[in-house]
Amino acid sequence: QVQLVESGGGLVQAGGSLRLSCAASANIVSIDVMGWYRQAPGKQRELVATISRGGTTNYVDSVKGRFTISRDNVKNTVYLQMNSLKPEDTAVYYCNAVLVLLFGRGNYWGQGTQVTVSS
């Protein structure tokens, strides 16, 4: 069974930091792009950041300079370091990964982790 297990969410004051982690578990052959998305109440899910297997990163403009995405290809884990957090960063954060498995290739999501930034 394929799982993306997230951790690291929580409550933090504005200006603070959090680090999210997401580990993939399955019979994984390789992992293509990995990323983080977020969904605030009443809003659509939006892309936060992605990282290719080779390390090329992409960020939504609102988090550039504050968030850093990274990955460990040995541990099949992606991270999101979030600094200088703002109340508008409050959302449920979802991990996403394109996994190449023994039986095929697919797009998978984590269960989501809540990030709340108080003003």
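**Salt bridges**

Reply: Aspartate 61 is exposed, at a relative accessible area of 60%; here buried means under 20% relative accessible area, exposed over 50%, and partly exposed in between (1.4 Å probe, protein chains only). Its side chain, that of aspartate 61, meets lysine 64 in a salt bridge, at 2.9 Å from N to O. A salt bridge is counted when a side-chain nitrogen of Lys or Arg lies within 4 Å of a carboxyl oxygen of Asp or Glu. Lysine 64 is partly exposed, with a relative accessible area of 49%.

The model is predicted: local features need pLDDT of at least 70, side-chain atom pairs count only at pLDDT 80 or more, and totals for chains, interfaces and linings use all residues. Residues are numbered from 1 along each chain as its sequence is written, and side-chain values use heavy atoms, with hydrogens and water left out.

The structure holds five salt bridges. Aspartate 89 takes part in one with arginine 38, where the closest N and O atoms are 3.0 Å apart. Aspartate 89 lies in the loop between strand 8 (77–82) and strand 9 (91–101), and arginine 38 in strand 4 (residues 28–39), so the pair ties together parts 51 residues apart in sequence. Strands (E, at least two residues) are DSSP runs, numbered from the N terminus. Both aspartate 89 and arginine 38 are buried.

Aspartate 89 also meets arginine 66 in a salt bridge, at 2.7 Å from N to O. Arginine 66 lies in the loop between strand 6 (57–59) and strand 7, so this pair ties together parts 23 residues apart in sequence. Arginine 66 is buried, as is aspartate 89. Arg38, Glu46, Arg66 and Asp89 are linked in a network of salt bridges.

Definitions and conventions. Helices (H or I, at least four residues) and strands (E, at least two) are DSSP runs, numbered from the N terminus.
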